[in-house]
Amino acid sequence: MGDHGTLVLITAAAILSLVVWFDRRCLADLAQTSDHQLRYFDRSTWALIIVLSFPVGPMLYLMYGKGPGRYR
């Protein structure tokens with residue numbers, strides 16, 4: 001494999017770690033958000049969107065999934 005293969009594996013592991021970290025943070029935030037603060041979808045649907053459509057899903061959740069003024 002050589003040096004190039006090792007670099008590819010390290011890069012892939014770093015990107016995968018970032019994906020898992022970001023998904024877990026969004027899912028933890030979703031778990032702490034009350035039902036009446038969620039917009040457009042219920043908790044289960046938002047969880048599926050977050051997990052199955054990285055990076056768009058977590059961004060959609062952060063922008064549209066919560067009530068107005070949540071991050072102010």
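Modeller: Start with Ala 28, which is partly exposed at a relative accessible area of 28%. Buried means under 20% relative accessible area, exposed over 50%, and partly exposed in between (1.4 Å probe, protein chains only). Ala 28 belongs to helix H1; helices (H or I, at least four residues) are DSSP runs numbered from the N terminus. This is a predicted model, in which local features need pLDDT of at least 70, side-chain atom pairs count only at pLDDT 80 or more, and totals for chains, interfaces and linings use all residues. Residues are numbered from 1 along each chain as its sequence is written, and side-chain values use heavy atoms, with hydrogens and water left out.

Colleague: Is Thr 33 buried or exposed?

Modeller: Thr 33 is buried, with a relative accessible area of 1%. Its place is the loop between helix H1 (2–32) and helix H2 (43–52).

Colleague: With which side chains does the side chain of Thr 33 make a polar contact?

Modeller: A polar contact is a pair of N or O atoms within 3.5 Å; within protein, one must be able to donate a hydrogen and the other to accept it, and residues adjacent in sequence count only if both atoms are side-chain atoms. The Thr 33 side chain has one with the side chain of Tyr 61 (3.4 Å) and one with that of Lys 66 (3.2 Å).

Colleague: Which residues of helix H3 are buried?

Modeller: An α-helix has 3.6 residues a turn, so residues three or four places apart point the same way. In H3 (residues 56–64), Gly 57, Pro 58 and Tyr 61 are buried. Seen down the helix axis, the buried residues of H3 fall within an arc of 100 degrees (taken from the directions from the axis to the C-beta atoms), so they line one face. Val 56 and Met 63, on the other side of H3, are exposed.

Key
Helices (H or I, at least four residues) and strands (E, at least two) are DSSP runs, numbered from the N terminus.
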